[in-house]
Amino acid sequence: MLALPAVAGAENFEVDSVADETDSVVGNELCVTAAGKCTLRAALEEANFEANEDGIGFVEEVEGAGKKMEGLFDGGPAATIAPASGLPPIAHALRIEGECVVALVLRPCVGIAAPDPSKPALVVENSEDVEIDGLAITGASTAIAVTGTPRFKAFNNWFGVKLDGSAGANATGILLGPGSNRARIGNSSFRNVFANNSDVGLDILGAANASVMSGYFGVAPDGVTMAANGKDIEVTADSGSALEAPGTTIGNQLSPEALATPECDGGCNVISGSGSSGIDLEGEPAQEEAPAASTTVIGNYIGLAAGGTVAVANAGDGIHVGQAARTVIGGPRTSEANRFGAGDTAVAAGPAAANLVVRGNSIGVGANGASVAPPTDGVLVNSEGLPSAAAEATIADNEIRLQGGVGIGQNGLGGWIAGNWIAGATTGIATSGYEERGNLIEGNLIEGSTLNAILIENELNEVLANEVLGSGGAGIKLLGVSPFRTYGNRVGGDTEAEENAIFGSGGAAIEIANIEKNSNNEVARNWGGGNGGPFIDLVALSPKTEPKGPNDGVAPPLFEAVGRSEASGSAAPKARVRIFRKAGAAAGELESFLGEAVADEEGFWVVDYATLPPGATIAATQTVGGGGGGGTSELRIAATPPAPPVPDACPATGCTAPADETPPQSKIRKHPPKKSDKTTAKFAFVADEAGASFQCKLDKKKFKACKSPKKYKHLKPGKHVFQVRARDSSGNVEPQPAKYKFTVLG
């Protein structure tokens with residue numbers, strides 16, 4: 001028997017029989033039945049007699065042939081206790097210790113086969129400091145039902161799994177009922193297994209500040225084989241007793257040692273294989289359950305096996321937040337990230353899930369960095385009904401790899417959608433709903449969306465500093481369907497840092513498809529190329545009844561004079577006119593912003609800019625609405641004057657033009673922060689000569705051919721140096737590459 005700690009006034013009882021017999025004399029501090037054995041029932045009767053911190057252990061070895069032999073409670077099928085009736089409820093502080101080592105693994109070595117599937121196997125009520133370790137409990141309505149018992153602990157148990165590893169369903173594994181605050185279900189070293197439970201693996205109902213660590217939910221003890229629970233974890237308030245369930249923490253901030261291996265360890269829970277949601281924070285109102293509050297979910301594998309590279313799907317959502325308030329999923333540190341594999345939606349929240357934070361998680365990404373079978377959708381949030389913008393959601397710094405579906409969907413009152421990396425979705429980011437405040441969509445990288453990278457179907461959003469690569473349709477689309485409209489949105493900002501970079505879209509870079517009137521949307525500074533349609537495309541949804549199209553059908557400004565360093569023309573009075581440089585004649589390309597001005601009361605405007613080469617292509621937009629904030633036009637194209645003709649100096653013999661010996665110059669337009677814990681770095685760059693090619697290098701590696709934007713993955717912590725140099729068509733190479741230094745934090 002594993003030795004139990006001695007406590008003054010306490011007794012340690014050694015169970016040496018699987019029989020179900022009562023104690024012969026309760027209260028004499030001896031666990032002895034009429035047959036001279038110590039049974040679990042007798043030990044519980046003695047432990048309940050006085051309020052001491054007693055312990056119950058189990059004999060692992062038996063005497064035979066003059067020596068001790070393994071047997072009895074050694075983890076074999078014969079070590080299962082099958083009571084004929086319910087066991088006595090645990091009423092005082094108690095530790096039950098049933099672990100032993102089998103094949104070098106510490107695991108449950110005592111089984112309890114419940115006598116009645118409609119009743120709990122063990123009941124803990126109105127006590128404190130009860131700890132139950134090393135039991136395999138099957139066949140009960142609830143394996144362990146805990147009420148009114150602070151500081152309950154459970155380590156290294158199997159709920160719904162027999163000692164031989166086969167299924168033995170309970171309805172619920174553990175119920176932490178009202179008043180059972182500060183419970184510890186697993187720790188960083190010892191895990192519980194919740195499998196094959198038809199209702200819920202772990203049900204936290206009206207209990208505050210529980211900690212859930214290192215559990216295997218919905219998988220067998222091997223961490224791989226699906227062994228579905230109805231739900232893996234449910235955390236709810238008890239509306240019947242008006243007791244909330246605040247402060248639950250599921251998972252753990254992982255140590256560097258745990259992060260260094262792909263396995264789910266160091267407090268990480270495997271939450272997979274559920275018949276519905278992996279984690280449900282809303283519950284069932286018909287069962288007197290109300291949403292939880294202030295739940296934190298960090299460092300877990302959800303919809304994945306314990307190795308982190310194979311999906312074990314949840315049938316429903318990975319995390320169903322519902323209306324639970326102040327839920328935090330992940331965090332700004334790598335050690336706080338959850339990993340999500342297959343299922344319905346990784347995180348589904350709302351309506352009115354106040355102060356939701358979904359940050360720094362990996363969805364559809366295995367622990368080895370490779371893609372794994374993903375959920376259908378990434379993060380879907382319904383913020384309708386929130387009381388104010390102060391309660392809006394934060395969805396930031398997540399890596400989301402899908403095979404269709406929506407990467408991030410935000411409906412209703414806006415939130416902060418920033419720094420996410422989304423790949424392979426049908427739609428990367430989608431916003432909808434009609435509220436008084438839109439979203440800030442900022443600094444996201446969205447690759448390979450089969451339709452749109454960003455789809456806006458509501459109002460008052462700001463779309464800034466995003467990178468959009470390879471969308472099947474328009475890169476950024478604003479869509480208003482009658483009778484609704486999309487208005488007051490702003491795509492791009494007023495500084496270089498706020499520009500959206502849009503490359504390789506199958507349609508327009510930016511498309512606004514809307515009803516005609518009162519749908520003004522501003523398109524400010526943006527850049528990109530290789531898009532299949534115009535860079536800005538205003539599409540009339542009802543060309544017969546509203547032929548002018550969205551943004552009140554505003555037309556591009558007119559050029560009256562174009563020079564190499566100045567352009568002028570006419571626009572709507574007080575309109576803001578922006579001038580852009582184009583690298584060539586392609587409609588879906590803008591290279592850089594040159595300058596802007598506000599037209600006077602008669603509509604005249606003039607914009608000065610840095611001197612351009614002869615014959616350079618420029619483009620202009622106008623935004624109506626008193627200097628900004630109104631509707632923006634499509635582009636008007638013009639060119640600077642061509643170079644004057646050069647007299648033929650050698651008409652008879654012919655001559656060779658002087659060789660181009662001027663090297664190009666490159667400029668880094670986008671880069672990561674100087675210091676960040678992200679292990680991915682993305683750079684965008686341009687050259688001052690059209691048609692120039694590029695070579696890139698990172699740290700001490702050699703220069704290699706590259707294209708803008710350039711991305712590096714899985715960077716090690718420490719200092720890094722990125723360099724890029726340009727090469728023109730004459731073979732001139734930039735002598736001093738553009739350089740950027742940055743640090744990946746450990």
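The chain holds two helices and 68 strands; helices (H or I, at least four residues) and strands (E, at least two) are DSSP runs, numbered from the N terminus. This is a predicted model, in which local features need pLDDT of at least 70, side-chain atom pairs count only at pLDDT 80 or more, and totals for chains, interfaces and linings use all residues. Residues are numbered from 1 along each chain as its sequence is written, and side-chain values use heavy atoms, with hydrogens and water left out.

**Overall build**
- The C-alpha trace spans about 125 × 55 × 40 Å along its principal axes.
- Of the 746 residues in the chain, 55% are buried (under 20% relative accessible area; exposed is over 50%, partly exposed in between, with a 1.4 Å probe and protein chains only).

**The second largest pocket**
- A pocket is an open set of points on a 1 Å grid over the protein atoms alone, where a 1.4 Å probe fits, with protein on both sides within 12 Å along at least five of seven lines; lining residues have an atom within 4 Å of a point.
- Arg581, Glu591, Ser592, Val686 and Asp688 lie nearest the centre of the second largest pocket, out of 21 lining residues.
- Strand S57 (592-598), strand S61 (666-670) and strand S63 (681-687) each give two or more residues to this lining.

**A spot on the surface**
- Valine 101 sits in strand S7 (residues 99-102).
- Why does valine 101 count as exposed? Valine 101 does so because its relative accessibility is 55%.
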